[in-house]
Amino acid sequence: MGLNAELSALAAQEDLPSNLVWRLLRHPAARRSMALRRRDLTEQLIEEIIKLGSARSLAANTSVPADVRARLAEHPEPSVRCGVAASVADEPPGVLARLADDPDPSVRSFLAMNDHLSPELLARLASDPEPSVRSSIIQHWRDAPDWVRRALLTDADPNVRRDSASGYSTPADLLPGLLADPVTRAAAVPYAAPSLDLATDPDSAVREATAAHSDLPTGLRDLLAEDPDVFVRNAIAARPDTPLALRERIVASVETDNPLAEWILSSRRNPHVSRTSTGPADAHPGTGGSAPRQG
């Protein structure tokens with residue numbers, strides 16, 4: 001463990017002598033750790049932390065008094081306001097509403113993660129003029145009411161439509177439009193009847209989603225088992241109804257020398273495999289993701 005890590009760990013320990021706490025304030029890494037993790041910060045320590053430039057770490061400490069966090073919600077640096085926005089309660093009343101009107105969209109995106117938001121504030125963020133804020137709401141408001149989901153599923157921004165189609169179930173009346181939209185077509189596939197049109201779509205993500213469909217007919221399964229895309233074939237291998245011989249043949253055909261791709265393919269066939277213990281930290285398995293593809 002390096003010196004920075006040792007001092008950071010020390011700064012977070014409870015029951016440290018006061019004189020040692022003040023000495024550790026002069027070390028940047030220790031100060032950030034103290035600001036973020038200590039639950040016993042005095043008013044004097046808080047003022048010194050802000051003065052020394054670690055307000056950003058302090059803003060994310062939920063043990064800091066409410067009046068201090070409300071004050072940090074007005075800090076001139078957006079990164080500090082982001083730290084407050086993600087977890088601050090509405091104390092004093094009006095803090096959350098002010099953050100919802102913050103001029104920096106990154107602050108409003110962090111606010112969307114906050115568990116203390118009322119349905120009214122969530123709805124306001126769902127119609128925020130910045131697409132990234134609307135996408136953040138999709139990730140954190142899974143039980144949004146139907147009218148909010150519909151608005152996001154038909155949003156003018158393609159990234160918001162893609163995120164909402166991946167995050168929300170597809171209403172039957174919106175299905176034709178979502179299937180016709182190249183951006184949302186793959187995400188809408190699970191709600192449609194499998195067809196030859198979907199199984200031969202130019203977009204491999206659409207074919208991969210079709211290969212994973214719960215009601216895939218045997219004929220389309222066998223067709224997709226010969227797909228030129230390795231991830232499409234792998235999706236067929238992952239199906240519980242794929243015959244063992246076909247599965248083994250597919251698995252042999254998708255072997256790759258790329259360790260990351262090999263782990264992603266394997267984890268998709270075996271979803272119980274732990275990502276944190278058996279795979280690369282930067283891998284992101286999932287249909288339509290950014291995994292490396294090899295034909």
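**Close-up views of a helix pair and some salt bridges**

Aspartate 102 counts as buried, because its relative accessibility is 6% and buried means under 20%. Please keep in mind that this is a predicted model.

**View 1. Arginine 81 and aspartate 102 meet in a salt bridge.**
Here aspartate 102 has a partner: its side chain meets that of arginine 81, with N and O 2.6 Å apart. The two residues belong to distant parts of the chain, 21 residues apart. Arginine 81 sits in helix H7 (residues 78-85), while aspartate 102 is in the loop between helix H8 (95-100) and helix H9 (105-111). Is arginine 81 buried or exposed? At 9% relative accessibility, arginine 81 counts as buried. As a reminder, side chains of opposite charge can pair when their charged atoms come close.

**View 2. Arginine 124 and aspartate 101 form a salt bridge.**
In this pair, the N to O distance is 3.1 Å. Arginine 124 is partly exposed, with a relative accessible area of 35%. Aspartate 101 has a relative accessible area of 55%, so it counts as exposed, which means over 50%.

**View 3. Aspartate 181 forms a salt bridge with arginine 161.**
The closest N and O atoms of this pair are 2.7 Å apart. Where do the two residues lie? Aspartate 181 is in the loop between helix H14 (175-180) and helix H15 (185-188), and arginine 161 is in helix H13 (residues 158-167). That places these linked parts of the chain 20 residues apart. Both aspartate 181 and arginine 161 are buried.

**View 4. Asp146, Arg150 and Asp173 are joined into one network.**
Salt bridges can share partners, and that is how these three residues are connected. How many salt bridges does a search of the whole structure find? The search finds 20.

**View 5. Helix H1 and helix H3 cross each other.**
The axes of H1 (residues 3-11) and H3 (residues 28-37) come within 8 Å and cross at roughly 30°. The crossing of H1 past H3 is right-handed. Which residues meet here? From H1 come Asn4, Leu7, Ser8 and Ala11, and from H3 come Ala29, Ala30, Ser33, Met34 and Arg37. Sorted by class, this contact has five nonpolar, three polar and one charged residues.

Definitions and conventions:
Residues are numbered from 1 along each chain as its sequence is written. This is a predicted model: local features need pLDDT of at least 70, side-chain atom pairs count only at pLDDT 80 or more; totals for chains, interfaces and linings use all residues. Side-chain values use heavy atoms; hydrogens and water are left out. Axes are lines fitted to C-alpha atoms, for helices over the stretch in contact, and angles run from 0 to 180 degrees between N-to-C directions. Helices (H or I, at least four residues) and strands (E, at least two) are DSSP runs, numbered from the N terminus. A crossing is left-handed if the near helix is turned anticlockwise from the far one by less than a right angle, and right-handed if clockwise. Contact means heavy atoms within 4.5 Å. Ala, Val, Leu, Ile, Met, Phe, Trp, Tyr, Cys and Pro count as nonpolar, Asp, Glu, Lys and Arg as charged, and the others, Gly among them, as polar. A salt bridge is a side-chain nitrogen of Lys or Arg within 4 Å of a carboxyl oxygen of Asp or Glu. Buried means under 20% relative accessible area, exposed over 50%, partly exposed in between (1.4 Å probe, protein chains only).
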